[in-house]
Amino acid sequence: AYMYLLDDRFASERNDYDPQFRRACDLYNSALEGALRIVAADGGLRPGQVLTVNKGQGEFEIQVDVRGRWKVDEIERFEFANDYEVNGLANHFHTYGLGVPLIAVRKTAATEEITERFYPPNLTFPITAFLHVSANQQQSGQRHAEGDCCTVRGCTLALYDPLDTTLIADAQTRQPIPLESDLSVPLAFFLNQPAFAHGDLKNNIAYLGFLNPNAGQKVQGLYMLEPYDPHKIPVVFVHGLASSPVTWTEMYNDLRASPEIGRNYQFWFYFYPTGQPFWVSATQLRKDLANSLRDLDPHNAAPQLDEPVLIGHSMGGLLSKLQVIESRDDYWRLISDHPHEELQGDEDARLALLSALYCRPSSSVKRVITIGTPHRGSNFANPLTRTFTRLVSEMPNRLIDTRWQLVRDNPDYFTSTELITMNTGVDSLVPESPFFPAMLKSPLAPWVKHHNIVGLAEEQDDFLRR
């Protein structure tokens with residue numbers, strides 16, 4: 001099938017519209033998948049290995065090679081995409097061509113590079129296996145039963161990243177070969193874990209960050225589901241209240257299926273504990289983003305890396321906007337008329353409070369997109385939900401104690417202690433909070449473009465006009 005499809009000797013006979021041509025494509029794919037299943041069952045499907053297949057009077061020597069941004073040592077095992085169905089994603093992105101779509105399971109702590117800390121455990125990614133067969137044969141020196149010399153044909157089992165390559169060229173033809181690929185099944189396979197199961201309150205990271213911010217901080221940070229690329233602009237997704245990066249999977253699945261977007265952008269995800277006030281989380285995002293950009297590009301050699309786009313949903317939009325505005329003294333004046341230099345108490349507690357109330361726009365972030373963001377607070381933060389959240393949330397005792405200690409160490413210093421002693425993320429969203437009017441007045445950095453996506457419900461037109 002390979003020779004018929006790609007060998008120059010059959011170029012005059014090939015016709016893409018000929019049913020025989022299509023049957024040869026199906027035969028190549030099905031035969032290759034069947035052979036790979038045999039090899040995988042024996043544990044032999046490993047990048048870097050050389051496989052030998054006997055064919056009577058000769059043999060194939062097959063070099064297993066990784067082509068793309070993932071490295072040989074990063075792949076732990078493979079699953080076959082055809083063994084699974086996609087549930088939970090609206091769109092299934094499958095392209096047709098030659099090759100066998102695989103699910104590659106990445107090894108945890110596969111490298112010692114700085115990028116290792118950005119990859120979540122049990123990460124899976126798409127791979128397409130394609131067998132390149134050489135037209136040349138060599139004598140092996142061995143003889144078969146009839147006494148003739150055996151021939152050896154060299155082959156390469158190339159493992160392509162379909163997010164990086166959709167068309168390949170074979171040594172025996174100049175025409176591009178479209179790869180068969182499946183982008184959605186590996187993503188769904190990765191999401192099929194207890195940490196992402198909505199009914200699993202014990203393990204689900206969204207509930208973990210909402211109900212137990214102390215535990216959520218242990219997994220807080222930036223995550224990548226694709227290899228880091230210094231030549232692409234980062235798009236950082238920031239989730240909302242009682243949520244997690246899983247909320248972005250539909251958008252991520254759709255966006256990365258576009259070759260134009262994939263050539264220019266890479267997608268990162270930020271996880272933070274939503275059970276704490278959003279301005280505290282914004283401080284942590286500011287620090288995490290700055291440290292990550294510095295660590296990934298210590299010599300400022302990647303200009304695209306210095307143009308991240310922040311996309312925040314709901315509470316995540318508030319975090320994102322706080323990265324690009326100038327607070328001046330406006331937030332500090334909400335709690336005190338005294339200079340902040342006069343604040344006494346534990347140094348860590350002082351710095352944490354000052355970091356939350358003094359915002360400087362990031363020089364790196366050039367664009368912010370907020371989606372369904374409560375820029376004036378949310379009616380969800382009503383007395384009932386606030387009381388319930390306080391009862392079920394496990395706030396870190398040390399955090400609460402140090403805040404109250406600041407109040408006790410500075411008598412007659414604060415005009416209001418509400419923002420200092422506020423404990424939950426729901427409390428921070430109350431519409432009556434003085435933080436929102438001050439935030440709305442904060443100037444946006446002149447180099448930043450801000451897009452705000454809102455929804456309009458017809459039955460609330462009267463309320464909106466008021």
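Student: How many of the 5 residues of strand β14 are buried?
Tutor: In strand β14 (residues 309-313), 4 of the 5 are buried, so the strand is largely enclosed by the rest of the structure. Buried means under 20% relative accessible area, exposed over 50%, and partly exposed in between (1.4 Å probe, protein chains only). Strands (E, at least two residues) and helices (H or I, at least four) are DSSP runs numbered from the N terminus.

Student: What kind of model is this, and how are residues numbered?
Tutor: The model is predicted: local features need pLDDT of at least 70, side-chain atom pairs count only at pLDDT 80 or more, and totals for chains, interfaces and linings use all residues. Residues are numbered from 1 along each chain as its sequence is written, and side-chain values use heavy atoms, with hydrogens and water left out.

Student: What is the strand order of the open sheet?
Tutor: The order is β11-β13-β12-β14-β15-β16, 6 strands with mixed pairing. At the edges stand β11 (221-224) and β16 (449-453), each with a single partner strand, so one side of each has no neighbour in the sheet.

Student: Which strand does β11 pair with in the antiparallel sense?
Tutor: That is β13 (residues 265-271), over 4 bridges. Met-224 has Trp-268 in β13 as its bridge partner.

Student: Different topic. How many disulfides?
Tutor: The count is 0, taking a disulfide as a pair of cysteine sulfur atoms within 2.5 Å. As for individual cysteines, Cys-25 is buried at a relative accessible area of 16%, and Cys-359 is buried at 2%.

Student: And helix α3, how many of its residues are buried?
Tutor: Helix α3 (residues 184-191) is mostly covered, with 7 of its 8 residues buried. Among them are Val-185, Leu-187 and Phe-190.

Student: Which residues form a nonpolar patch on the surface?
Tutor: Phe-388, Leu-391 and Val-392 do, with about 310 Å² of accessible area together. Phe-388 lies in helix α11 (residues 383-392). Patches are made of residues with over 30% relative accessible area and no salt bridge; like charges are joined within 9 Å, nonpolar side chains (Val, Leu, Ile, Met, Phe, Trp, Tyr) within 5 Å. A salt bridge is a side-chain nitrogen of Lys or Arg within 4 Å of a carboxyl oxygen of Asp or Glu. Accessible areas come from the Shrake-Rupley method with a 1.4 Å probe; for residues, only the protein chains shown count as cover.

Definitions and conventions:
Two strands pair if DSSP finds at least two bridges between them.
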